[in-house]
Amino acid sequence: MNNVKSIYIILAAYALFTILFSVFSYCFIDPNLIYLKKLYTGLAFTNRVEVSLFYTSFIVVFFGFYLYFLTLVHKKMLTIKLVIVIVSLSLPLLLSYPAMLSYDLFNYQATAKVTYHYAENPYLVMPIEFTNDPMLLFTRAANKYALYGPFWIALTGVPYMVSMANFIIQIFLFKLFVGLFYAGTVFLLYKLSRSFFTVIFFAMNPLVLIETFMSGHNDIVMMFFVLLGYYFMKQGKNILSAVSFVSSIFIKFSTLFLLPVWIYMYYKKVKNQKLDWDRVWVLSLISIGIIFLLSPLREEMYPWYFIWLLPFVALIRRKSISLWAAAFSGGLLMTYVPYMYTGYYITLYKIIAALLFIIIFIFLCKVFKQTI
Amino acid sequence: MFVFLSLFLLTFTLVPQVHAASSYVLPYPGVMPGNRLYVFSDFLDKARGVYVFGDIASFKYNLSQSDKYLVEAKILFEYDQYLLAVQSLEKSNSYFIKSYKNVMDAQKHNKNTEALKDKHAQAALKHVETLSGLKMSLPEIFTWEAEKSAPETIRIYELLNRALKIRQQYE
């Protein structure tokens, strides 16, 4: 009884935490974002030290909750209802300001506007070519053609049309839209593994929650379709599997690197050979890990790219890999701190911030014998 | 001194003068007609056209095609391939007119067309410069005598003047 009571107290604390984190995100409102000017404080630009410390504290507490939820898994104290409650308690993060860490959501909106409002091909016309459009005041990288696949462009039509050109409603509809794919991904992970560890390891990972619910990145949408492809393959529905897989490639092209794994699975199915799913997850992790590690060659190793790997880490369920992945998630979230503090992008400081978190996290987990 | 100044001024009347100067840059020539790969290049260009939608994207596509075929025509004229050159010039004219129509459509749809009109005017200036240069080096009329068909008279100046007229209304 005491255990149940303490669980509910922690869950209530977690819910409060997500609300506070969402409120904190509004310190980062862009000064040029005219639609939220009444909420603008400029704290992120005038009080960099305090904001950086608060953010760091939030991340540390977030990982504290994460480890607690994983402990509940290991102590076999979870039921399906409790898992749903835990995952649902992250929903307040959907109400956060989307550009605290990344302006990508505004880019999704800008590209959708180019496509659906101006009826122009976003691969041939940049948002910046609409010189009088107010979105240019706060959209970064408006001088680029659409960076994502045509399937993502098509999908963004849904939140765009439903929002009826109301920018603020659009922000939250985009986040909700991405959130639905998060729910789908978590569901698929459960169907593929039947393991609460897999679900909690992925679903409650602070990097996943922040980059999906707060920043609204589309990587979760891509991973949903990849996992759907694996799910259909497991069901023996090869054509649906192929369609899902190709759909993921046409969101963000990274999953093209999983094509050899898909071909391997298909070959095994066609030859009626038993498919070792543990091997499939390991091969998938290696394949997508390669493109993740090569990402600095293109531009930068952005923290949200780690979402590509986390589902496979969750499905593999090996302690050493999970520990390093959890530590690396935190390290990646800490790479935002140097910019928050200095206002400049300095790669060396980002690496130091990440390494500090990773080393301390692993050290503390070893000392306190914390199981991931 | 007077003789020197007179000679100095005379040089300006003798040297061919270009009456238009534009910073607009025409593309490099690609695969030329007569090359075996030209069919694929042409097909890819047309396929690109299918992928293009929207006033601004269509404007960019049509203008780029007009530029491409103008460069093609220029090179073909220089290599005395007048029959092929004339075909390329006609295509260039057609795309140029379409590109202006795209600007008008964009205006009708309340899009900001200042940059488009400026680009179109710059392109017109460049095309006029190129066509005027060609006019100075080409014969007025040429009779194309193909091996197995009847000779064909190509009124080069007439075609160039028509092409110039199309551009000059947008300068």
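The exercises below, each with a worked solution, concern a predicted model. Local features need pLDDT of at least 70 and side-chain atom pairs count only at pLDDT 80 or more, while totals for chains, interfaces and linings use all residues. Residues are numbered from 1 along each chain as its sequence is written, chains are lettered from A in the order in which they are written, and side-chain values use heavy atoms, without hydrogens and water.

**Exercise 1.** Find the residues that touch the most other members of the largest nonpolar core.

Solution. Start with the term: a nonpolar core is a set of buried Ala, Val, Leu, Ile, Met, Phe, Trp, Tyr and Cys residues joined through side-chain atoms within 4.5 Å. Buried means under 20% relative accessible area, exposed over 50%, and partly exposed in between, with a 1.4 Å probe and protein chains only. The largest core has 132 residues, and A:F21, A:Y55, A:F201, A:Y230, A:F312 and A:F361 touch the most other members. Apart from this core lies another of 43 residues, including B:Y38 and B:Y95.

**Exercise 2.** Describe helix α7 of chain A and its two ends.

Solution. Helices are DSSP runs (H or I, at least four residues), numbered from the N terminus. Helix α7 of chain A covers residues 167-193 and has 27 residues. From first C-alpha to last it reaches 39 Å, close to the 39 Å expected at 1.5 Å a residue; the expected span is 1.5 Å times one less than the number of residues. Of the 27 residues in α7(A), 19 are buried. At its start, a side-chain oxygen of A:N166 comes to within 3.1 Å of the backbone nitrogen of A:I168. Just after α7(A), A:R194 has a positive phi of about 55°.

**Exercise 3.** Classify the aromatic pairs A:F17 with A:F65 and A:F138 with A:F167.

Solution. Rings of Phe, Tyr and Trp (its six-membered ring) pair if their centres lie within 6.5 Å; planes under 30 degrees apart are stacked, over 60 edge-to-face and the rest tilted. Over all chains there are 62 aromatic pairs. A:F17 and A:F65 are 5.5 Å apart centre to centre with 45° between the planes, a tilted pair. A:F17 lies in helix α1 and A:F65 in helix α3 of chain A, so the pair ties together parts 48 residues apart in sequence. Both A:F17 and A:F65 are buried.

For A:F138 and A:F167, the values are 5.2 Å and 65°, an edge-to-face pair. A:F138 has a relative accessible area of 2% and is buried; A:F167, at 12%, also counts as buried.

Conventions:
A polar contact is a pair of N or O atoms within 3.5 Å; within protein, one must be able to donate a hydrogen and the other to accept it, and residues adjacent in sequence count only if both atoms are side-chain atoms.
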